[in-house]
Number of protein chains: 2
Amino acid sequence: MVQNWKKLASKQLADYRIFTVRQDRRVSPRTGREHDFFVLDADDWVNVIPLTPEGKVVLIHQFRHGTGEVTVEIPGGIVDLADGDPSVAARRELLEETGYEADEIIHIGTVDPNPAFLNNKCHTYLALNARWVQTPQFDGAEDIAVEEADLADVAGMIGDGRITHALVVTAFYHLERYRAKERRGAKAASG
Amino acid sequence: MVQNWKKLASKQLADYRIFTVRQDRRVSPRTGREHDFFVLDADDWVNVIPLTPEGKVVLIHQFRHGTGEVTVEIPGGIVDLADGDPSVAARRELLEETGYEADEIIHIGTVDPNPAFLNNKCHTYLALNARWVQTPQFDGAEDIAVEEADLADVAGMIGDGRITHALVVTAFYHLERYRAKERRGAKAASG
C-alpha cells in the first residue's frame with residue numbers, strides 16, 4: 001500500500017500570473033529521507049464541448065504560446081473567483097471565446113491536468129443546443145477563430161494529430177462515456 | 001484564419017529541475033500590441049499501457065506531489081537525453097517502475113500536455129506481452145505499488161474518478177482508437 005508523504009515545509013518561490021511556484025519538502029514513507037518537490041499552484045480550469053441543435057461541435061483555433069503553434073480545441077479557460085461554480089466559468093468562456101450560448105450545461109467529467117506537479121483540476125462540460133448569439137469578446141491577448149465540425153469527425157482529428165491538446169482529448173473521452181451511458185439508459189427504458 | 005504571433009524577445013526566468021520558466025514577448029497579429037507570456041520548457045514525456053498475455057493492464061499507485069494524493073496511473077516518465085527515441089524511455093520507465101518487460105512496444109498516440117504554457121509532448125505506447133521480470137528499481141523519491149487490473153474495468157475507473165490523470169485518460173483514448181482500427185482491419189481481412 002502506497003502512503004502519503006508528510007509535508008515538512010513549504011515556501012512560494014515565484015508568481016507567474018497563471019500559476020505560482022512553490023517548493024515543498026516532504027519525507028518518503030519508504031526510506032524516511034527528505035526530498036524537495038516543485039509544485040505549481042493554479043486555479044481550476046474548465047473546458048466545454050458545445051453541440052449545436054444540428055449535432056455539430058463548436059471548435060476554436062488559436063495560437064498557443066507553449067508550443068508556438070495554432071491549435072484546434074474546444075472553448076475553455078480558468079475558473080475565476082467571481083465565477084463561483086465551474087459551470088458558470090464554462091458558460092462564460094463559451095460565450096467569450098465563441099459567441100455561443102447553450103440551453104443546458106452538463107458536467108461530464110473532471111481530471112487532474114498533471115498531478116505530478118500541478119495542484120488543480122479541469123472540469124469538462126457538455127453544452128447542449130449551443131447557438132451563436134453574439135460576436136466573441138476577446139481580451140487583448142486572444143485571437144480565436146470558430147469552426148463548426150461534425151462530431152463524428154473528432155475521433156479522426158485526434159487520431160491524425162489535428163487535435164493534440166491533452167485536456168481536449170480527455171473531454172472527448174468523457175463525452176464518449178456519457179453518450180454510451182445515455183444509449184444504455186435509452187435502451188433499458190425502451191426494452 | 002488565425003495567425004502565428006511573432007516572437008520579439010525571450011528570456012529564461014528560473015530553473016525548477018523538471019522544467020525551466022521562460023518569458024516570451026510576442027506581438028498580436030490582430031491588434032499589433034505586445035504581450036508577455038510565461039512558458040515552461042520541459043523534456044518530452046512518455047507513458048505506457050502494459051498489457052499482459054492474459055489481457056490485464058499493469059497499473060501503478062504512487063503519491064503525487066502536485067495534488068498531494070495517491071493516484072492510479074500507468075507507468076511513464078521523462079524522455080532522457082540518453083534515451084534518444086521515446087520508445088526507449090517507455091521501455092525503461094516500464095521496467096524501472098513496474099519490473100515488467102514487454103515483447104513489443106507500439107506507438108499509439110502523441111499529445112501536447114498543455115500547449116497554452118508547456119512546450120513539450122507526451123508520447124503513448126502500447127506494451128504487448130508485458131511480463132514481470134524483476135523487482136522495480138525506484139529512485140529515492142519514488143514509491144510505487146503495482147496492480148494488474150482488467151482492461152475492461154478501466155473505463156469505469158476513469159468514469160468514477162479513480163483514474164484522474166489527464167495524460168492517462170488520453171492514453172486510453174488512443175488505445176480505444178487503436179483497437180477499433182485493429183478490429184476494422186481484422187474484419188476487412190476476413191471479409
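**Exercise 1. Getting to know chain A**

How many helices and strands does chain A have?

Solution. Before counting, note that this is a predicted model, in which local features need pLDDT of at least 70, side-chain atom pairs count only at pLDDT 80 or more, and totals for chains, interfaces and linings use all residues. Residues are numbered from 1 along each chain as its sequence is written, while chains are lettered from A and ligands numbered from 1 in the order in which they are written.

Step 1: take helices as DSSP runs of H or I with at least four residues and strands as runs of E with at least two, numbered from the N terminus. Chain A then has three helices and 12 strands.

Step 2: look at the dimensions. The C-alpha trace of chain A spans about 60 × 50 × 35 Å along its principal axes.

Step 3: Domain 1 covers 6-41 and domain 2 covers 45-190, with bounds that come from an automatic or database domain assignment. Their C-alpha centres lie 31 Å apart.

**Exercise 2. Follow helix 1 of chain A**

Which residues of helix 1 of chain A are buried?

Solution. Step 1: find the helix. It runs over residues 86-98, 13 residues in all, and reaches 18 Å from its first C-alpha to its last, close to the 18 Å expected; the expected span is 1.5 Å times one less than the number of residues.

Step 1: apply the burial rule. A residue is buried if 20 or more other C-beta atoms (placed from the backbone) lie within 10 Å of its own, exposed if 12 or fewer, and partly exposed in between. The buried residues of this helix are A:P86, A:A89, A:A90, A:R91, A:E93, A:L94, A:E97 and A:T98.

Step 2: recall the geometry. An α-helix has 3.6 residues a turn, so residues three or four places apart point the same way.

Step 3: step past the end, where A:G99 takes a positive phi of about 80°.

**Exercise 3. Find the centre of the core**

Which residues have the most contacts inside the largest nonpolar core?

Solution. Step 1: a nonpolar core is a set of buried Ala, Val, Leu, Ile, Met, Phe, Trp, Tyr and Cys residues joined through C-beta atoms within 7 Å. The largest has 70 residues, and A:A127 and B:A127 have the most contacts inside it.

Step 1: list partners, counting two residues as in contact if their C-beta atoms, placed from the backbone, lie within 7 Å. Beyond its neighbours within four places in sequence, A:A127 touches A:V48, A:I49, A:P50, A:L51, A:L94, A:A102 and A:I105. One of these, A:L94, is also among the buried residues of helix 1.
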